[in-house]
Amino acid sequence: MASRTRSTWPIYPAVALLVVITMFPFLWMLISSFKQLSELYTVPPTWIPVAPSWTNYLNVLFESNVPRYFLNSVIISAGSTAIALALAILASYGFARFKFRGRTAAVALIIVGQLLPTAAIIVPLYVVLNWLGLLNTYLGLILAYLILTLPLSVFMLISYFRGIPVELEEAAIVDGASRLGVLLRITLPLSMPGVVAVIVYAFVTTWNEFIFALCFALDSSTKTLPIGLAEFTTEFNTDWGAVMAASVVMTVPIAILFLAMQRLFVGGLTAGGTKG
Amino acid sequence: MRVSKRFVGPLFVLPALFVLAMLVFYPLVYTFVLSVTDPAGNYVGLENFRTMLDQRLTSRTLQNTFVYVGFSIVFQIILGTAVGILLNAKFWGRSGIRALIVVPWVIPGIVAATTWGWMFHTEFGIINYMAQSAGVIDAPVGWLTNPSTVMPALITVNVWKMFPFVAIMVLAGLQAIPEDLYEAARIDGAKLHHEIYFITLRHLRPVLASLTLLLAIWGLNAITIIYAMTRGGPANRSIILPIQIFRQAFEFFQFNQAAALSVMFLLITGVLMVIYVTVFAEKE
Amino acid sequence: MKTKTSRTCALATALPLIMAAGHAMAGEITWWAPEFGADRAEELAAKFEEQNPDITVNVERVVANGLQNRVLVALQSGNTPDLVDLANGWTIPFAATGGLMQMDDLVDELGIDMSDFLPAAVNTATYDGALYALPFRAEAHAMIYNKDMFEAAGLDAESPPETWAELREAAEALTDGNQYGYGIAGGGEVSNTIFRSLPFLWMNGGGILNEEMTESILDEPASIEAVEFYTGFLENGWAPPSTLENDGTALRRLFIAGSIAMYQSGQFDLVSIAEENPDLDVGTAQLPHPDGKDPAVILGGWNFAIPEAAENKEDAATFLAFLAEPENMGFYTDTFPARQSAMDMERFQDPALAPFREMLEYARQQPANENWVQISQMYFDGIQGILVGDGSAEEMMSETASQIDGLLQ
């Protein structure tokens, strides 16, 4: 049996280094968020805040629009993720399992959607949303974000669906199941890691998006958190402490969400499927 | 009633295509129209392209763009794959670590850029302080303002931000590799690097291939990090194509010239994609 | 040369999709006010609504960063607010797009006395001889310095440098280890460097563009000498090594942290300095000038504008008249009011503000060229080129001048 497992001790130093590299900026952000302005601009920098203060957090949570923007961000990100996921599941299944006329053109359109430089499409997009009466609405931003999330979601799921043996589906089809039924009952449950990856990807992308929100969300009823973050940057006074605190506030829920998804992610559903 | 088999595939694909056509097709066509017209809407042929190509800035931009995207991808893939493999191993606290290392990818680009910009600060930056304390450098380095360090610094941030995504995708790919393959290999006495090369990387190839494509696209499209940290400076040492487009359109109000740049951008990326897909398809 | 008006017409015809916003109603106006003044804007709106119960003012707090882009996008799409604050440097380019309402008749009707306004401020809102916005805020930079550092360096803290030669001497004397004599801007938004360096070119008889705005005069000796003077602070080690990342905010931070002894900024910095480091003994002075010449400075400030496509111009005009009243203008401004009669208000009488007020007399507007943003970017790239050592001031400015000439022909 010993030959079938490898010794694990070299893993720990590598993991420790990894954690330091990935976490350090985050730690520094956290430390800075508890510092008063004068301490932020001190040479040499202090590792532990001399006079740690919740002021920055209190400002963010009670003196700003951040709570409202937080709600907007949640609604817009969740809405856009749900639509992207639904459309992507159908489309990727179509691409992964069927050959049809115009398939190449369809893939090309999706690639183009992913490639289009954001800066180049803001003005025409603004006009389209305006024409549809969707400017400064949740739905407007949700749709605009599909440009960012849908193409990649489709590609991600195509590769997952291809990794699932067709034989499993064929058995079900022989049993008389429809293709949609096969997708929902057999293929999809086996693709959970891919689906979770799409959810996380789409959610994070929309949660963090800045330029579309700046142009298409006109007031506090639709503005998202990154805009709120930018609002701390007033013309003459960048309140870094508050920016850092707001960043922490923005990051924590996403980290928790990811932690919750983690189990699904590593559950080995795919492995189980291929073995089963 | 059953739909004719010929139409099943398109039916699955249609809703997504419809949405994208609405949101992408019109802006795309409009971009092409803008690129060959003047502000009054008259057809001017390739005038806008000529104007942009005549600027010395444009060649520098193209060069920077390739350097930034190219080096970012190389390091993102290498680091991401290594971390993915590492995190697939069994060790104590694994699931916590897996979640933890994703934080860089999860935090908003603006936050990452701001925090790193703050860390790179010449006077108050923690990086200069630590490097000086450790004796690596004698005097503070202006990481973001020194022409020779600005690109490496920005690539570092970009790699730091994106490698966790590569790691997650690699990890997901690894879980699709049947455990028996490894067990069989170990019974045959395979060394660790043999395992990684013959089993892991072989199976990861499709994942890594699509990841490379993805990172190229993201890298080419990403404005946030560079815009927030250097605005393309110092002296245009870090300006990349999307930032030049953004500037031309929204700072200089030259929408037609910006559209010309966008079209060039699309052509360049298009050519790269075609080459890539061709090579990849042949191997497959 | 094509005008921007034709561009907007083209956009209007090319995009027949433009529709009205739909939700704005009579008796309701929307005002885009930058975040930094939005609290005062809301107070003013409440006061106005009290006097005019049939009009509702929706104050839209907008982020100053990127505001210029958003206004541009709004003007081009036709979905605009009824009243918007514009930095004075943007006003003419926006007016040139045809997106702003012409105001001459309106101002007459409302009985606003334009002769009470700072003439240079009115110039920033005048395009083709017509008025397109109403200035409400005006400011000019002056020099801010650390009195304790002056004394520690053996300088007289009560007689700060007045000429370029004196400024260089003082900067050298004040440089010591991690402390630098004079902070210059070389990073951040382009305008930070423009506001801090262009005045030196003007004082010396140089500039970026000639008077007719037909060609660049950056390659003339007077301009090159001034650019050498400005960039020389870094070359001589009298400005901090972080110069290329320093904008106005960073300079203030460095000043508060005691890393620089002198720098140039607007009066708004005094408030933050007093808040963050109350112990700092701050002095203010006029900008140093070449021996025997007058100082010069860029006029900063903000204007109110009504977009051409506004839904409710009538009520917006009523509100504009309210905002133009000296006491309201004096209340709303972060710096000085554009109306001279509002200058008598208590809040503008602080002696530390005197040099800023004096500098207003030497204030000039930035060149009102339709390519100004692009020109200033080229100039900024040239300055950064000198600072990173790409070439001498003469080489870099000659090259920049030829690029700007290419744009102007």
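His289(C) sits in the loop between β10 (282-285) and β11 (297-298) of chain C; strands here are DSSP runs of E with at least two residues, helices are runs of H or I with at least four, and both are numbered from the N terminus. Before going on, some ground rules: this is a predicted model, in which local features need pLDDT of at least 70 and side-chain atom pairs count only at pLDDT 80 or more, while totals for chains, interfaces and linings use all residues. Residues are numbered from 1 along each chain as its sequence is written, chains are lettered from A and ligands numbered from 1 in the order in which they are written, and side-chain values use heavy atoms, with hydrogens and water left out.

His289(C) counts as buried because its relative accessible area is 18%, and buried means under 20%, exposed over 50% and partly exposed in between (1.4 Å probe, protein chains only). Its side chain reaches the backbone oxygen of Lys293(C) at 2.8 Å. Not counting residues up to four places away in sequence, His289(C) touches Glu162(C), Thr163(C), Trp164(C), Met203(C), Asp294(C) and Pro295(C), where contact means heavy atoms within 4.5 Å.

Now hop over to where chain C meets chain B. The contact takes 32 residues from chain B and 36 residues from chain C. Together the two chains bury about 2900 Å², with 55% of it on carbon and sulfur atoms; buried area is the accessible area (1.4 Å probe) that two parts lose on being put together, summed over both. The rule finds one salt bridge across this interface, that is, a side-chain nitrogen of Lys or Arg within 4 Å of a carboxyl oxygen of Asp or Glu. Asp390(C) pairs up with Arg237(B) in a salt bridge, and their closest N and O atoms are 2.8 Å apart. On the side of chain B that touches chain C, the elements giving two or more residues are α1 (5-35) and α12 (241-251). Of the elements there, α12(B) gives the most, with six residues.

The salt bridge count between chain B and chain A is zero.

Leaving aside neighbours within four places in sequence, Ile97(B) is in contact with Val15(A), Val19(A), Leu87(B) and Phe91(B). It is buried because its relative accessible area is 15%.

Let's finish on helix α3 (residues 56-88) of chain B, which holds Val74(B). Val74(B) counts as partly exposed because its relative accessibility is 42%. Along with Val67(B), Phe71(B), Phe75(B) and Ile78(B), Val74(B) makes a nonpolar surface patch of about 440 Å². Patches are built from residues with over 30% relative accessible area and no salt bridge, joining like charges within 9 Å and nonpolar side chains (Val, Leu, Ile, Met, Phe, Trp, Tyr) within 5 Å. Thr81(B) lies in helix α3 too, but Thr81(B) is buried, with a relative accessible area of 8%.

Methods: Areas by Shrake-Rupley, 256 points an atom, 1.4 Å probe, with all protein chains shown as cover. Polar contact = N/O pair within 3.5 Å; in protein donor to acceptor, adjacent residues only side chain to side chain.
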